Amino acid sequence: MSSATAKRKRPEPKSLTPPLTGQEKVIYELIRSRREEGIWSKDIKQETDIAEAVVNKCLKVLIVKKLVKEVPNYQNKGKKIYMAVEYQPSEALTGGFWYENGKPDEESIEPISKLCTGVLHNMGVGTVEDIANAVRNTRALNFDCPTMRILQLVKALVLKGQLLEMRSTGYGEFSSIPVGAVCYKCVTKTALPKAGAFASIPCGVCPHLSICTPDGLVSPSNCVYYGKWLDF
């Protein structure tokens, strides 16, 4: 026997993944395939055709084995989303820079939102780029705040009824803004919608109902339309 064939075979490297049952492996691979978006527990049941009780048991095992984690969904806190531990939740789940642990970072949001409203009030009307540049030019921020982050706050202010979103006509107050460009202006008291005597509750026809949550940027506690309806 040659020395080459006499050499002992190197042992196969051990898998870093703890041993799993067949059903646990199916569920783990499905969750892992969804990467940073994760997957809803009910979708796991539907896509694997595994009984809900078994799915729940497997999820607990995968969490204990540190293969899977449950991540918060800022738009729906009751919706359990699962993700492989090596991935970080996308902004669609966390709410992005202005959220912390699935909750709005009000200490940062409130002053910068007021700053956005203030600079826009001074300019009359402007694009999000105009607002972002004006905010940065105040040098009031001690951190980098890209235009996309300012846009998130501006969109929230629109949903709260504090800003109006429109498209430039290129005339009058829009003369410095390209035709068709999305721009914003502050809402005046006369610009707010008036509720008639027989108007239905605003929630029933609100186009933003799907993203309205008790702890979100848009919520019943800060809804300008709901407040006016109650005052009526």
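How are H6 and H7 oriented to each other? Here are a few points to follow on the structure, which is a predicted model.

1. Start with the pair of helices. Two packed helices are described by the angle between their axes and the distance between the axes. Helix H6 covers residues 106-123 and helix H7 covers residues 128-137; their axes come within 9 Å and cross at roughly 110°. Angles of 65 to 115 degrees count as roughly perpendicular, and H6 and H7 are therefore roughly perpendicular to each other. The crossing of H6 past H7 is right-handed.

2. Now look at the residues where these helices meet. H6 brings Leu115, Cys116, Val119, Leu120 and Met123, while H7 brings Asp130, Ile131, Ala134 and Val135. Sorted by class, this contact holds eight nonpolar residues, one charged residue and no polar ones.

3. Next, the cysteines. The count of disulfides is zero. Cysteine 145 is in no disulfide, and the nearest cysteine sulfur, that of cysteine 116, is 7.4 Å away; a disulfide would need the two sulfur atoms within 2.5 Å. Cysteine 145 is buried, with 1% relative accessible area, and cysteine 183 is buried too, at 0%.

4. Aspartate 49 sits in the loop between helix H3 (41-48) and helix H4 (52-64). Its phi is positive, near 60°, in a residue other than glycine. Aspartate 49 is exposed, at 72% relative accessibility. Arginine 139 lies in the loop between H7 and helix H8 (147-159). Arginine 139 is not a glycine, yet has a positive phi of about 55°, and with a relative accessible area of 75% it is exposed.

Terms used. Residues numbered from 1 in each chain as written. Predicted model: local features only at pLDDT ≥ 70, side-chain atom pairs only at ≥ 80, totals over all residues. Heavy atoms only, no water. Axes fitted to C-alpha atoms, helices over the stretch in contact; angles between N-to-C directions. Helix = DSSP H or I, 4+ residues; strand = E, 2+ residues; numbered from the N terminus. Parallel < 35°, antiparallel > 145°, perpendicular 65-115°, else oblique. Left-handed = near helix turned anticlockwise from the far one by under 90°. Contact = heavy atoms within 4.5 Å. Nonpolar A, V, L, I, M, F, W, Y, C, P; charged D, E, K, R; others polar. Buried < 20%, exposed > 50% of the residue type's maximum accessible area, 1.4 Å probe, protein only.
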